[in-house]
Amino acid sequence: MGVDADPVAEPGDSEEPPSGPDEAALVLPPPAAAADVITPPSRSDPLDRDTTPKRGPTDGDGSPEDPAPTRAASEETGEPDPAPARPLPRVIAVANQKGGVGKTTTAINLGAGLADLGYRVLVLDLDPQGNASTGLGINIRDLEASMYDVILNDVPLDDCIEATSVRNLFVGPASLDLAGAEIELVPAFSRELRVKQALAEVIEDYDFVFVDCPPSLGLLTVNGLAAANEVLVPIQCEYYALEGLGQLSKNVALVQKGLNPTLELSTIVLVMYDARTKLSDQVVREVRAHFGDRVCRQVIPRTVRLSEAPSFGQPIIAFDPSSRGAIAYRELAKEVSGGAPQRAG
Ligand SMILES: Nc1ncnc2c1ncn2[C@@H]1O[C@H](COP(=O)(O)OP(=O)(O)O)[C@@H](O)[C@H]1O
Ligand SMILES: [Mg+2]
């Protein structure tokens with residue numbers, strides 16, 4: 001059951017039955033000591049800051065038995081407490097200004113994995129392409145209200161939220177007119193805080209909110225970052241994977257400074273890992289060397305099933321529960337949350 005050196009040897013496109021070793025194989029060893037392998041992103045992040053979210057725990061009275069599942073505690077890496085307990089609700093912006101890097105796939109499937117664990121999860125779709133919405137079974141051409149109306153017409157967020165086929169998983173869908181929002185927002189009052197303000201009214205109902213950002217660093221992404229406590233960045237195990245991360249880090253820093261001082265780039269997820277390529281391993285090593293234990297140990301493999309699921313409007317755990325992708329995202333959900341919620345009642 002150990003972690004093999006060269007774990008997954010099957011052709012990337014065929015789904016293997018989810019036997020144990022596969023799963024284990026995609027869990028990386030603990031982070032190596034940080035070395036200066038790559039240079040891009042500036043390391044001016046607030047890891048030592050207070051990460052207490054703006055609001056208390058869901059039904060909290062501050063008592064010790066409040067549900068506050070933590071992220072998997074850091075192993076003995078000698079790092080000074082890099083993963084403090086993270087009280088719920090957690091609002092996580094999934095951002096990377098590059099398109100096609102797995103933001104939406106991760107928002108949907110990590111969200112579904114957490115919902116499956118028993119957390120109440122909301123995915124807010126801020127991408128005018130609406131992939132998170134359609135990937136969760138929503139027909140974005142047939143909506144009474146969408147995130148566009150929430151952001152520009154002051155429609156309450158609750159009025160646009162839709163249930164999905166997965167229990168506990170909800171979506172605030174995008175619509176095509178969201179494409180105009182970047183421009184329409186420019187003259188608007190408190191234009192960066194629209195999503196944050198809308199979310200404040202429903203946040204009590206959820207444990208995790210994922211904001212699926214568009215592939216740009218415009219006003220919609222700024223809205224996502226301003227609304228969040230944390231930023232999750234998916235990184236493809238591909239050439240140029242690290243390109244643009246410096247710019248993203250800079251923008252996170254700008255939002256911290258001006259809008260959201262407790263925002264934290266907390267989580268890096270390595271996606272589209274292909275065990276057959278040396279490159280994948282190289283990227284994994286470089287990202288880990290640079291970002292340390294903010295990089296999730298669970299890596300998401302490249303599999304065709306993951307790319308097929310959205311056209312059926314289903315997260316992978318519903319579409320093909322025993323596939324490698326489903327197992328990986330389930331494991332990631334455990335890692336990110338620290339396990340199932342301990343809710344009283
Ligand atoms: N692990 C994966 N294996 C195979 N295909 C993937 C994987 N993750 C994402 N994809 C596919 O890659 C494309 C881009 O992913 P997506 O999540 O939409 O990226 P983004 O939201 O960053 O633009 C989509 O077609 C998606 O289905
Ligand atoms: Mg997307």
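Reader: Which element gives the most residues to the shell around ligand 1?

Author: Helix α2 gives the most, with 3 residues. The model is predicted: local features need pLDDT of at least 70, side-chain atom pairs count only at pLDDT 80 or more, and totals for chains, interfaces and linings use all residues. Residues are numbered from 1 along each chain as its sequence is written, while chains are lettered from A and ligands numbered from 1 in the order in which they are written.

Reader: What makes a residue part of the shell, and which are the closest?

Author: A residue is near a molecule if its C-beta atom, placed from the backbone, lies within 6 Å of it. By that criterion 17 residues surround ligand 1, and the closest are Lys-103, Thr-104, Thr-105, Arg-302 and Ser-307. The elements that give two or more residues are α2 (103-117) and α10 (304-308).

Reader: How do you know how the shell around ligand 1 divides by class?

Author: Ala, Val, Leu, Ile, Met, Phe, Trp, Tyr, Cys and Pro count as nonpolar, Asp, Glu, Lys and Arg as charged, and the others, Gly among them, as polar. The shell then has 7 nonpolar, 8 polar and 2 charged residues.

Reader: Why is α2 called roughly perpendicular to α12?

Author: Axes are lines fitted to C-alpha atoms, for helices over the stretch in contact, with angles from 0 to 180 degrees between N-to-C directions. The axes of α2 and α12 (residues 324-337) come within 8 Å and cross at roughly 70°. Angles of 65 to 115 degrees count as roughly perpendicular, under 35 as roughly parallel, over 145 as roughly antiparallel and the rest as oblique. Helix α2 is therefore roughly perpendicular to α12.

Reader: What makes the contact of α2 with α12?

Author: Two residues are in contact if their C-beta atoms, placed from the backbone, lie within 7 Å. Among those involved are Leu-110 and Leu-114 of α2 and Tyr-329 and Ala-333 of α12. The contact residues divide into 7 nonpolar, 3 polar and 3 charged.

Reader: Why do β3 and β7 count as edge strands?

Author: Strands pair if DSSP finds at least two bridges between them. The open, mixed sheet has the order β3-β4-β2-β5-β1-β6-β7. Strands β3 (162-163) and β7 (264-271) each have a single partner, so one side of each is left without a neighbour in the sheet.

Reader: How do you know that β2 and β5 pair?

Author: Strands β2 (residues 121-125) and β5 (residues 208-212) share 5 bridges in the parallel sense, against a requirement of at least two. Val-123 stands opposite Phe-210 in β5.

Notes: Helix = DSSP H or I, 4+ residues; strand = E, 2+ residues; numbered from the N terminus.
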